[in-house]
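I opened my notebook to get to know a new structure. Come along as I look up a sheet, a helix and a pocket.

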Amino acid sequence: MLGFCHANSSFATMPTPRSLTFALLAVTAAVGAYPRSDLPSISFDYKDWELACDNTRTCRAAGYHQEDDEAPNATILLTRAAGPDQPVTVQFQPADDPNHPAPDQLTMTVDGRALGTVHIDAKSNSGKLSDAQVQALLPALIKDGPVAWSAKGTTWTISTAGANAVLLKMDEFQGRLDTPGALVRKGTKPESNVLPPLPAPDVAAAPVSHDKHPVTLTPAQTRDLMAALRKTVKDGSCELVDTKAEETDAPVVRRLTKDKLLVSHTCWMAAYNTGDGYWVVDAKPPYSAVLVTTSASDYTDGVISATQKGRGIGDCFSSASWTWDGRSFAQTSATTTGMCREITAGGAWDLPTLVTHVRKAH
């Protein structure tokens with residue numbers, strides 16, 4: 001893992017944590033992708049907290065250290081499945097920081113009251129709180145009570161700024177408002193009012209061509225194909241295709257099925273990310289192009305994937321995937337690793353908003 005240097009003066013010029021939100025919006029923007037309108041999900045952030053609830057109604061809320069705090073960085077993750085009487089589980093993760101390495105045992109305090117220890121797993125660099133620790137933590141987050149983990153003279157803290165708003169939004173999304181199990185606005189409405197969990201959709205992956213050789217087009221066919229692609233990106237989402245310049249690179253064309261081709265072309269380039277467009281087209285003119293995404297990173301065996309950095313140092317990412325189901329590329333995942341808070345290289349958590357069960361093609 002990578003240790004981050006807090007004294008890096010260039011760090012102040014990096015994009016804000018909200019850049020990850022914009023990256024996710026770019027990654028998940030698609031035409032003909034998995035239908036999202038009937039799948040509930042939410043992403044929300046406020047101050048030092050963020051929320052991601054996926055289409056099964058499972059919610060994950062992450063809180064972070066206060067950015068201008070001199071204490072070493074840390075984060076916690078609250079996870080709660082949908083349905084009545086569901087518990088909240090909490091994980092704590094200190095930053096992977098060589099200047100403040102975390103031992104395998106930390107003492108937890110809430111409002112200055114000792115609550116035992118939290119074991120930090122060496123492989124995941126995180127620890128799970130006990131039920132008693134969770135029960136003490138939750139009201140403290142709402143009431144701005146100080147929460148800390150300490151060992152060998154070093155203390156890791158979590159900000160409560162934004163926790164109230166994020167946990168209230170979690171209660172609202174799961175239908176817990178005014179019930180005994182609500183985290184913020186408790187009441188006497190029966191737990192039976194709480195929304196039930198939803199099953200993750202099943203997506204059957206369909207067979208695709210394994211011909212590794214690109215499809216060769218004549219210059220005239222290439223011009224016609226590019227014209228078909230341009231019709232799908234008039235919103236400016238693929239600026240390197242939405243041009244009629246003669247120097248435009250030729251697209252990469254693969255055989256997808258007997259009657260369909262998969263076309264890719266670079267759409268945009270930024271400081272530390274690039275985005276490729278992918279289209280499904282008919283094997284013959286006029287091609288009838290259908291856009292999948294303009295922010296892809298790779299294609300392998302029927303799966304288009306997209307991974308984008310939230311900022312250059314690589315402490316936060318967004319990702320998504322689309323799987324060929326025989327008719328179109330169905331969107332089968334969308335997630336981020338949380339705010340850009342220098343926790344660990346590659347990001348701290350998995351905060352999905354779309355989960356599915358993909359059955360592999362035989």
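Before counting pairs, I noted the rule: two strands pair if DSSP finds at least two bridges between them. I also reminded myself that this is a predicted model.

**Entry one: a pair of strands.** I began with strand β6, residues 105-110, and found that β6 and β7 pair in the antiparallel sense over five bridges. Looking along this pair, I saw Thr-107 standing opposite Thr-117 in β7.

**Entry two: the sheet around them.** In which order do the four strands of the open sheet run? I wrote down β7-β6-β9-β10, with antiparallel pairing. The edges belong to β7 (113-119) and β10 (154-157); each has a single partner strand, so one side of each is left without a neighbour in the sheet.

I looked up the second largest pocket, whose volume is about 310 Å³. Its lining has 21 residues, and Val-88, Val-134, Gln-135, Leu-138 and Leu-183 lie nearest the centre. Which element gives the most to this lining? I found α2 there again, with six residues. Both β5 (89-94) and α2 (131-142) supply at least two residues of the lining. Sorting the lining by class, I noted twelve nonpolar, four polar and five charged residues.

Terms used:
Residues are numbered from 1 along each chain as its sequence is written. This is a predicted model: local features need pLDDT of at least 70, side-chain atom pairs count only at pLDDT 80 or more; totals for chains, interfaces and linings use all residues. Side-chain values use heavy atoms; hydrogens and water are left out. On a 1 Å grid over the protein atoms alone, a cavity is a set of points where a 1.4 Å probe fits but cannot get out, and a pocket is an open set with protein on both sides within 12 Å along at least five of seven lines; lining residues have an atom within 4 Å of a point. Grid points are joined across faces, edges and corners, and a volume is the space filled by probe spheres set on the points. Ala, Val, Leu, Ile, Met, Phe, Trp, Tyr, Cys and Pro count as nonpolar, Asp, Glu, Lys and Arg as charged, and the others, Gly among them, as polar.
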